[in-house]
Amino acid sequence: MTEQLPIVIILGPLLAATVAAFAAWIHPKASHPLVVTGLVASFAAALKLVFVVAEKGAQKYWLGGWGAKPEHGVVGIQITVDHLNTLLLAAVSGIALLTALYAKRLVNTELPGRQRYFYALFALLITGLLGIGITGDIFNLYVFMEIAALSSYALIAYGKGRAYMAAFNYLIMGTMGACLYLLGVGFVFIKTGTLNIDNISAALPALGQGQALFVGFVLILLGAWAKMAFFPFHGWLPNAYTHAPTASAVVLAPLATKVAVYTMLRVMVTVYSIDYILHSPGIQSVVLGLSSIAIVVGSFFSLTQTNLKMIACYVVLSEIGYMVGGAWLANEPGLTGAVYHVVADAAMTSALFMAVGCIVYRLGQAQLDDLRGVFFKMPVTMAAFVVTMAALIGVPPTCGFFSKWYLIQGAAQSGVWHFVAALLLSSLVKAIILFRIVEIGYNRVPHPSVDGNPAIPRNEAPLSMLIPTVAMALGLIALGLATSPLVNTIIAKALPATLAP
Amino acid sequence: METVSSTLPVWIVATSSIAALLLALLGRWPNLREACIFGAAVIKLGLLLSLAPTVLDGKRVGFEVIELIPNVSLAFRVDALGLMFALVSVSLWIPTTIFSMGFLRPLKRHAQTRFYFFFAIAISSAVGVAFSANLLTLFIFYEILSLSTYPLVTHHQDDDAIKGGRKYLTYLLGTSVALALPAMIIVYQQTGSLDFTNGGVFAEGTSSTMLTVLLVMFLFGFAKAGLMPLHAWLPGAMVAPAPVSALLHAVAVVKVGVFSIIRVLTGVFGVERLVDMPSLSTIVCVLAAFTLIVASLIALTQDNIKSRLAYSTIGQLSYIILGVGLATKAGIAGAALHIPMHAFGKIPLFLCAGAIYQACGAKCISEIHGLGHKFPLTMTAFFIGSLCVIGLPPTGGFISKWYLLTGSLSSGQQWAFAVFLSSSLLNAAYFLPVIYKAFFAKPSDPARLAKAKEPPPMTVVPLFITSAGCLLLFFFSSELFRFADTFAELFVSR
Amino acid sequence: MENLIANFNYVIVVILMMIGLWAMLAQKNLIKKCIGMAIFQTGIILFFISIGAKRLAKVPILSGDGVPVVDKIANPLTQILMLTAIVVGVATLGMGLALAQKIFRQHASFDEDDILKNQRK
């Protein structure tokens, strides 16, 4: 049974998407439970595989049995669950499941009469994201990337007003990224004659430092950066996620960018190798510089915004810099931090967007000035929001603290002080944002328990949204407390053995 | 040294957090709510005292909760210094709560449940800091303390409170994230361990530049200790209600800062290293001595009672840092002893500031000229508290200053002796005139004179409990000294 | 120069891609952006096809009489890949055009500057 689990991860949402599209045609309400069922199957399989991988090591699965026998050679597509992606798969499917439950009320109010295909697109997006995470074939990865991208363009274009233009810009940028990636795959294919990640990584060391390989590497990276909105390719993200319907933003913001970061990590760690990166030091220092700039730029723009959704988007941008920078430190703590932060950040941004979604659901918008008294109106949501921001700031014992811990340790080890400074600066900026919101939402109103002040009516978000939000926020603390076992049993084994101290 | 494994430290830390949750639920019934606090405080105190014999025996009580990152756990370990600090914070929690009841209830202050809730959380985290076995655990509780006291500082929710709260967080969160956190990570990256070890964690031959940079980062990173120039948050935090200023900004929060620095100096750097590398010890001493003198001078100029007390606190905290920086046995013991002595001395002063406000609505010293005889009990408590802070017998402050002075002589740093003495004179210069003027100066405001009267018993009783504490500590100082001595013995024999 | 002529397929591919990229990034007209995207993708498809091609090679169909001579048949893998890429390309182009149409209905213009001006109102 265990050997079939990897395929269940993508089959769950894929089948759900297909069936839900038809079911919506027959009965509009049928699609939501179907998608949830598919995601439950996927999450259960992914969770089980975390334990299997931790115990037995990587699980490989050959689609259709092609390639399972050595005489088949490189024919066929392999999917792999190993130490590098198992946590990501569990996080993506888990967050997707919670978001699907969370989004129901939002979709009903934001997209009345148009919710039919939303869930099918949602499931398709998750299929694409999980596919990127699980595939062991770099061309297959491109296909999944485009599945995810196409459904996310549609999900964003569901929004009102500027959403179409934002989706169009995202489409241009996303397609460019995917094409660059594909071109890079072509270069790798010319040199190695295979698309299977295992085979490529076996073949590459013998090929040395060829120019074609280097060009392929850079092209693949550029593609991944465009997809993850890494500085300077970040222009599309804030508009796209702000103007998208909240239900779409809640799923896209945490997952889409993280999966792109995973693509980069996979290419750096498994396809090419860390040695390869260390032997091209010029580009390493450039990327580290860009990461610091991404963090600083994201942080400062988030300070200047007055819309809560916009702030959240720029926070996502600065977090991207964390992961790229951590990966390019190319040492043990830095990579540990990057791999850990992919999961931690997916959880943190998910919780952040969920809390913001609750606020938008009740208040109708999310301008900072309109948040007066929000702490009295929605105490539970705001408690979750504060925990989430604390995680983003890096307050122990939330997961954000530990990723920052590893990243700073890695930067200190390599002596990249500008990266340390950028990390700390971004922490402080997020603290400023949090307390600005606390001041507006809590302190700037006359306290209702004082005589004569009107009571602010309690108007909490509905339970179907509140429970996932609170669960996510508590998950941040749980993830933080589980850092040591996760790092010891899984993440440490995902890194190349040459890095061990 | 032997470490006894027991879950007791975890429970002691958790008691007041559990109480916080309970009292949040009991918010509608004020009597039950406050009974809950007393219950928790008594239980906590009892548990703490039950640890005392083991700890005084030279053993430590430890427990490892969960491993957070490889080789570093969320772990508690109670030694003499930690236990003494916890005892002081918890025992002062009781009179402060009585005072809060007298102070908040008659004024129908808003959000009392929130006030008590965060107060209890703050006590939990202060005890958590006291019991931390490694730098990471300490840092975690340190941050929780900063965050949980923010709602207390901004309690009044007016513009002043918001401004003070902003300053509070900027200083405390900013320095801990920007300085203490990277310093801690560098220590971990260099040594692979964050446990407090008597001889320090650094290997022989660690470059002195690195050590100096780390030391400065730690000293300023734990800005709760109020070393100049990162002291401005403390006068800003005086916008908080009087009980908060009393327990948190004279005892728990500020002492946590000093305590963290003591831990870093003794457990991370190691006293031996301070002795071997005089440059390190000099940095500590010079920073502390500078703060000591300058803060006392500024205190002279303050008219607002609470600001004067705040600057006095900043100066007294540096006594402790300077004592440890001297790296002699008497110095360390004196520094450790100064934690409870100053706490017991400063608390009646702050409570008096609150009581005076309640008695006649005055916040400044110039406003209470000649009003002393209207509330003699309050002013008597103020007098005893001042004696203790100045360091005159028969109060506990005398004992700790005695050891600090002995320590400065035995270290051979005579200038520290002079600094201690001159600062004590300054202390007398900014406290005694307050009392003189309150009783003998001509009343400045007849309207206020007519209105002034002794505050209600709920306010006055805690004043007397705490100032009686100052006197008792003088006569029973040997009990407390055993704690300080057990702690100091770990490090230096000379 | 000889190098360029020998690798004329790459030269053409690069020229196509540059045209496409320029149109995607520098053109203000949304339809032209879509066209640029299509050209860019076509360039990549040609690139893949040309790396799988061999001189005088046959269609890669197994005829049943033993092991095929690898030198004499075109690499089937690149062609299969490009079938998929073409499908993806068509879908993206369709999506792009559909969005452009929606935008046109909203703002009565395909010009980026006009649309931005319109949005600020």
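The model is predicted, so local features need pLDDT of at least 70 and side-chain atom pairs count only at pLDDT 80 or more, while totals for chains, interfaces and linings use all residues. Residues are numbered from 1 along each chain as its sequence is written, and chains are lettered from A and ligands numbered from 1 in the order in which they are written.

Two pairs of chains touch, and chains A and B have the most contacts between them; a contact is a pair of residues whose C-beta atoms, placed from the backbone, lie within 7 Å. This contact involves 26 residues from chain A and 26 residues from chain B. On the chain A side, α17 (399–414), α18 (417–443) and α20 (483–494) each supply at least two residues, and α18(A) gives the most, with eight residues. Helices here are DSSP runs of H or I of at least four residues, strands are E runs of at least two, and both are numbered from the N terminus. Chains B and C have no contact, and their closest C-alpha atoms lie 35 Å apart.

The largest nonpolar core has 436 residues. Such a core is a set of buried Ala, Val, Leu, Ile, Met, Phe, Trp, Tyr and Cys residues joined through C-beta atoms within 7 Å. A residue is buried if 20 or more other C-beta atoms lie within 10 Å of its own, exposed if 12 or fewer, and partly exposed in between, with C-beta atoms placed from the backbone. Helix α6 (residues 163–192) of chain A gives the most to this core, with 21 residues. Among the residues with the most contacts inside the core are A:Val92 and B:Met84. Beyond its neighbours within four places in sequence, B:Met84 is in contact with B:Ala336, B:Ile339, B:Pro340, B:Phe483 and B:Ala484.

Chain B also holds an open, mixed sheet of three strands in the order β1-β2-β3. Two strands count as paired if DSSP finds at least two bridges between them. β1(B) runs parallel to β2 (residues 60–69) of chain B, joined by three bridges, and B:Val4 stands opposite B:Val61. β2(B) and β3(B) are antiparallel over seven bridges, with B:Glu67 opposite B:Ser73. In their hairpin, two residues lie between the strands, and B:Asn71 takes a positive phi near 75°.

Although β3 (72–78) of chain B is an edge strand, seven of its seven residues are buried, so β3(B) is largely enclosed by the rest of the structure. B:Val72, B:Leu74, B:Phe76 and B:Val78 are buried on one side, and B:Ser73, B:Ala75 and B:Arg77 on the other.
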